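Please read them with the structure open.

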Amino acid sequence: MKKRIVTFGIIILALASVGSILIDRNSSAREVSEITSVINNEKKLNESNMEKLTKQAFLEKVFNYEQNKDWKYEGDLPCLIDFYADWCGPCKMVHPILEELSVEYKDKIRIYQIDTEAEQELAAAFGIRSIPSLLFCPADGQPQMAQGALPKATLKKAIEEILLTEKAEEVNK
């Protein structure tokens, strides 16, 4: 009887050891997967040309509303400006789409972000009352505002029609 109890105890210890090894392997695989995911996300961010703007950077790169009453775009490439907040669910849905578009249109447009919580004066200057709000600024012509979490196809169409077509530049002049 004692032999059976000892044998049973040894079997339980062996199973526990094997189970522990399997759990460690699964944890290691998950950790490797998470690390790979972080590295890939960092790579995407490094490829993107998205930039967060402060008021000062906005005045220099987009429009100096303190010196000019009429719109005069200061940038070298057309831009899309995302007015957002960190707590905003729809803003979080739009962000990865904008990152993808910033890579796709890397040398054609700039994509900027303005945190409406940190840059309340900029949000007020553009009458931002709901977020996300997207401001499309062609190189020539007047900017156009869109509101809401727009899907990627709609954003691409707006970029093509408002920011990148010569027809849009002629209409906006």
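1. On helix α5 (residues 152-164), the face turned away from the buried side carries the exposed residues A153 and K157. The buried residues of α5 are L155, A158, I159, I162 and L163. Buried stands for under 20% relative accessible area and exposed for over 50%, with partly exposed in between (1.4 Å probe, protein chains only). Helices (H or I, at least four residues) and strands (E, at least two) are DSSP runs numbered from the N terminus.

2. A word on the basis of these notes. The model is predicted: local features need pLDDT of at least 70, side-chain atom pairs count only at pLDDT 80 or more, and totals for chains, interfaces and linings use all residues. Residues are numbered from 1 along each chain as its sequence is written, and side-chain values use heavy atoms, with hydrogens and water left out.

3. The chain has 6 helices and 5 strands, in the order α-β-α-β-α-β-α-β-β-α-α along the sequence. Of its 173 residues, 34% are buried. Among contacts (heavy atoms within 4.5 Å) with a separation of 6 or more, 68% are between residues 24 or more positions apart.

4. Strand β3 (residues 110-115) is mostly covered, with 5 of its 6 residues buried. Two strands count as paired if DSSP finds at least two bridges between them. Strand β1 (residues 50-52) pairs with β3 in the parallel sense over 3 bridges. Strand β2 (residues 79-84) also runs parallel to β3, and 6 bridges join the two. Together, β2, helix α3 (residues 89-104) and β3 make a right-handed β-α-β unit. Right-handed here describes a path from the first strand over the helix to the second that runs clockwise, with the strands pointing away from the viewer.

5. Which residues does Q113 of β3 stand against? K52 is opposite Q113, and Q113 is also the bridge partner of D82. K52 lies in strand β1 and counts as exposed, at 55% relative accessibility. In sequence K52 and Q113 are 61 residues apart, while their C-alpha atoms are 4.6 Å apart in space. Not counting residues up to four places away in sequence, K52 touches Y84 and Q113.

6. A nonpolar core is a set of buried Ala, Val, Leu, Ile, Met, Phe, Trp, Tyr and Cys residues joined through side-chain atoms within 4.5 Å. The largest has 22 residues, of which L53, F58, V62, C79, I81, I114 and C137 touch the most other members. At least two residues of this core come from each of α2 (55-61), β2, β3, α4 (120-125) and β4 (133-137). β2 gives the most, with 4 residues. A second, separate core of 18 residues includes L98, I111, A146 and I159.

7. What does C137 touch beyond its neighbours within four places in sequence? C137 is in contact with V62, W71, Y73, P78, C79, I81, P143 and L163.

8. Aromatic rings (Phe, Tyr and the six-membered ring of Trp) pair if their centres lie within 6.5 Å; planes under 30 degrees apart count as stacked, over 60 as edge-to-face and the rest as tilted. By this rule there are 5 aromatic pairs. The rings of F63 and W71 have centres 4.7 Å apart and planes at 35°, so the pair is tilted. F63 is buried at 7% relative accessible area, and W71 is buried at 17%. The pair of F83 and F126 is also tilted, because the ring planes stand at 45°, with centres 5.8 Å apart. F83 lies in β2 and F126 in the loop between α4 and β4, so this pair ties together parts that are 43 residues apart in sequence. F83 is buried, with a relative accessible area of 0%. One aromatic cluster is formed by F58, F63, Y65, W71, F83 and F126.

9. Most peptide bonds are trans. P132 is in the loop between α4 and β4.
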